[in-house]
Amino acid sequence: MHDANFAIERGEFFAMLGPSGCGKTTTLRMIAGFETPTEGVIRLEGQDVSHVPPYRRNVNTVFQAYALFPHMNVWDNVAFGPRSRKVREAETKKRVGEILEIVRLTEFAKRKPAQLSGGQQQRVALARALVNFPSALLLDEPLGALDLKLRQAMQIELKRIQREVGITFIFVTHDQEEALTMSDRIAVMSLGFVEQIGTPEDIYHHPASVFVAGFIGSANLFRTHIDRRSDTETAVSIAGRPVVVPATDGDAVIAVGAPAIVMVRPERVRVVMAEPQNSSTGVPCTVTDLVFQGPVVRVALATADGQEVVAHIGADDQLPLLRPGDNVWAGWEGDAARLLPEPEPGRAPAEDSMIQPTPSPST
């Protein structure tokens, strides 16, 4: 990890999100004690645990493989932790009963793991990890083995369980939907860097880098140059047309004349047939393709200089039937666009981001 320095609050659902190889699992393993940091410290409840062995840290880990004891029933699987710690039997029964109630498995207490569904087995693994009241529960992509609908249902269940027990959850995933659905805050990671930490709303609507913009959801990313700047807006050019972007605190790091990226989310793009009154927040385009995706139609557009624009059109949008070759106007509300710095060498944007060719500098 490169200069990773962040704190996770008590009782927070914190996600580490990023592609394979970004360092999220290594970071989780360092928190658990399975890896030792080469420099820096890891503190748990204010205490430096960087060189404390895993069994002496008050954390538990749930992996993608639940590793339940097949010869034990649900009740005994969950009771294993308190019994290992020599907790009195009366206290063990109390704890196990309470945690089975929270994970909604009381009526399955006498069943063996093989008699349970995948989602029920995961809840047993969660109950077993939580019954000893750890300072933090570490979850390493625990939903990866579940099918789509069960995974979506378990996202809601995980968040409910975390709220009820009030224990810090640190969740590792490469799935943006999981992170956005469950987390109080998200750390987006890439190539060993922590690109941004924030709430799901901040990460999605106000990404700090091109990588974050492209990795969290879909994004139209236009390469451009800064023409001029005022206290309230920044003027750039897209497809040879002047476009204004609202000024933000981070814009000052991009000098006038320097390359930059303009981001607009596809759901914020509005397709109209005629040039709007405010043409400083949009560009003329030609329809190249339309794909029906259930609640939205994905409209692929191209500007005059060949840059791609994607718009998500919903049922409420009043448009005539569009066909490839139609000339339209792709516009957006002023606050839908965000200016981002050019990626540093070696820190490329996400593979599926729609980043555009570099245009010539504006004169």
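**Close-up views of a predicted model**

**View 1. Phe13, Phe169 and Phe171 form one aromatic cluster.** Rings of Phe, Tyr and Trp (its six-membered ring) pair if their centres lie within 6.5 Å; planes under 30 degrees apart count as stacked, over 60 as edge-to-face and the rest as tilted. This is a predicted model, in which local features need pLDDT of at least 70 and side-chain atom pairs count only at pLDDT 80 or more, while totals for chains, interfaces and linings use all residues. Residues are numbered from 1 along each chain as its sequence is written, and side-chain values use heavy atoms, with hydrogens and water left out.

**View 2. Phe69 and Phe80 make a tilted aromatic pair.** Their centres are 4.8 Å apart, with 55° between the planes. Phe69 is partly exposed, at a relative accessible area of 25%, and Phe80 is partly exposed at 37% (buried means under 20% relative accessible area, exposed over 50%, partly exposed in between; 1.4 Å probe, protein chains only).

**View 3. The rings of Phe222 and Trp332 are stacked.** The pair counts as stacked because the planes are at 20°, with the centres 6.5 Å apart. Both Phe222 and Trp332 are buried.

**View 4. Arg128 lies over the face of Phe69.** The distance from the ring centre is 5.3 Å. A charge sits over a ring if NZ of Lys or CZ of Arg is within 6 Å of the ring centre and within 35 degrees of the ring normal.

**View 5. The charged end of Arg265 sits over the ring of Tyr204.** Its distance from the centre of that ring is 4.1 Å.
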